[in-house]
Amino acid sequence: MKRTIIKRFFWILVFNPLHLFSQYQICFNHKFQNDELIINKKNIIRDDTITISSLNYYVSMISLHNNSKIVYVDNQLGHLISHENHQSSCIVLDCKKIKFNSIHFKLGIDSITHTKGVLGNDLDPSQGMYWTWRSGYINLKLEGYSSICAAKNHFFQFHIGGYQHPNNTSHNIDLQTKKDSTMNISFDLFKLLNKIDLSQTFQIMSPSKKSVEISSYWKNSFYVE
Amino acid sequence: MKKKILQLILVLILFSGFNFQKIKYFTYPKYFPKPVYNFKNNFLDSNKIKLGRILFYDPILSHNNSISCASCHSPYNAFSHSDHALSHGINDEIGTRNAPALFNLAWQKDFMWDGAVNHLDFQPLSPISHPKEMNENFRNIVLKLSKSKFYKKWFFKSFGDSIITGERALKALSQFQITLVSTNSKYDRVKKGNESFNLKEKKGYEIFLKKCNSCHREPLFSNYQFSKNGLPIDKTLNDYGRVLITKNPEDSLLFKIPSLRNLSYSSPYMHDGRFKTLHEVINHYNFDLYKNENISPELTSFVPLNNHETVDLISFLKTLNDSSFIYNSYNKFPMELLLKMK
């Protein structure tokens, strides 16, 4: 087992040095009302206290553009961004120095990838981001506690997914960026949760109108600092 | 000239290194349509098929290591659950649907009675995680497999290294299930010109073509679409089929059309296993269909069969049984593989 891992690293070093010398990376910084998001920290807002216990989501189809011309396309089918696992909140791009001024990506997994059968790495169903009772990736898994939430233990859980019309929950995002070795993209969870009445809506775990609605709030919570 | 000969010899030596002989693990007769499963993403390989077979029969896939896929999909029942209208899973829990027979899966696009699953690769996730079936977390299965030396050896054999992932386990399970091909019934032998129907079977075949073929289309004996066949709702189950998945009210009471192959082995019938015999099934279409207005258009003009026709139709349906599939030793419990690699 150890040997095979060492062997793999060796071949990666020999054949794919770009992994080590890549110029750019995209980092997703998770925030709550402009502060850094801390898991299980109580955030007090007006009449509610919100705690985030877990945050996972997919980002796919990353491309870099220079004045609307595509200069780089990421070839990985999907990246799992997991707040618990800090390593994965930055995505290293396999490219040399290039000129670009905007970044495009998709939040969630597109419908074509959904029909490809089982996939590996971040898209492996053992990551816990694939529904078992029906087909489809969970594009966004957000769980936590809100004092006004009527559920047991005030627990809210949003498993937002769905890839078929009219319940498609993946969204394209275009952001203007400066050319920098690390591009910081912020995702403010307050912007998302602020749109949801947690006293009424606290459990969404299947493709529906409501999940499409939440996915649109999700889309609007990303910005470049 | 010499140079050319030298080049030719070099090329020949080079090519002799490649193995051009393709072993076919998946064959089907000429009158079958092309399979829909995309083999490019999961090339069939002898070891992967064997690994899939071992996993299929291993209760390690359930929470308390008591239930395997084969518990409800037994080879001797064309991979359905004999004698159980509704299958029982972990701790004798009983679910809400009849375990469907498994064969000719490479031709199917949607899985489960309500089409909840869009690809064969993902299908095992459903029974594995269902609290009344195997009640196991898929990630935990990967952990359990990773702790086993036996499985490390098999994953090494199949994938070139011993790293065990969910993707690999599911691909292996798909490979085994794809090789469950049933194409050697009497019907097939007649189709190939090796045998002929007797009079009753012939008459039955004509009735079948007129009355059943639009949904249970030959040669697969299903078009693998969804249909409302007029069964009254069982109030203890309240199962409305496909609408649970699509949430489109028009899809209420739609269930996947099963294949009619291997019928004698796969009793009881219907999504909730309410009928034990083929007579009961045909009698439903004969006498009870008119009671329900909410049926698929193919059935609205169904003219009931008389007793002779019913007997003839059943004679034909029995020609769809494929005993060579049922007793295929490559499909049964992998004793020889378990003994070989202890």
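At what angle do the axes of helix H9 (residues 199-211) of chain B and helix H13 (residues 307-318) of chain B cross? In this predicted model, the two axes cross at roughly 100° and come within 7 Å. Axes here are lines fitted to C-alpha atoms, for helices over the stretch in contact, with angles running from 0 to 180 degrees between N-to-C directions. Helices are DSSP runs of H or I with at least four residues, strands are runs of E with at least two, and both are numbered from the N terminus. H9(B) and H13(B) are therefore roughly perpendicular to each other, a label that covers 65 to 115 degrees.

Contact means heavy atoms within 4.5 Å. On H9(B), the contact residues include Lys200(B), Tyr205(B) and Phe208(B). On H13(B), Glu309(B), Leu313(B) and Phe316(B) are among them. By class, this contact has six nonpolar, two polar and five charged residues. Ala, Val, Leu, Ile, Met, Phe, Trp, Tyr, Cys and Pro count as nonpolar, Asp, Glu, Lys and Arg as charged, and the others, Gly among them, as polar.

A further crossing in chain B involves helix H2 (residues 46-56) and helix H7 (residues 166-178). Their axes come within 7 Å and cross at roughly 95°. That makes H2(B) roughly perpendicular to H7(B). Ile49(B), Leu51(B) and Phe56(B) are among the H2(B) residues in the contact, and Ala172(B), Leu173(B) and Phe176(B) are among those of H7(B). Eight nonpolar, three polar and two charged residues make up this contact.

Between the chains, 26 residues of chain A are in contact with 24 residues of chain B. The buried area is about 2100 Å², and carbon and sulfur atoms give 54% of it. Buried area is the accessible area (1.4 Å probe) that two parts lose on being put together, summed over both. The side of chain A that touches chain B has ten nonpolar, twelve polar and four charged residues.

Zero salt bridges are found across this interface. A salt bridge is a side-chain nitrogen of Lys or Arg within 4 Å of a carboxyl oxygen of Asp or Glu. Over all chains, the search finds 13 salt bridges. One salt bridge joins Glu225(A) and Lys31(A), with the closest N and O atoms 3.3 Å apart. The pair links distant parts of the chain, 194 residues apart. Lys31(A) lies in strand S1 (residues 24-32), and Glu225(A) in the segment after strand S14 (222-224).

Residues are numbered from 1 along each chain as its sequence is written, and chains are lettered from A in the order in which they are written. Local features need pLDDT of at least 70, side-chain atom pairs count only at pLDDT 80 or more, totals for chains, interfaces and linings use all residues, and side-chain values use heavy atoms, leaving out hydrogens and water.

Terms used: Angles under 35 degrees count as roughly parallel, over 145 as roughly antiparallel, 65 to 115 as roughly perpendicular and the rest as oblique.
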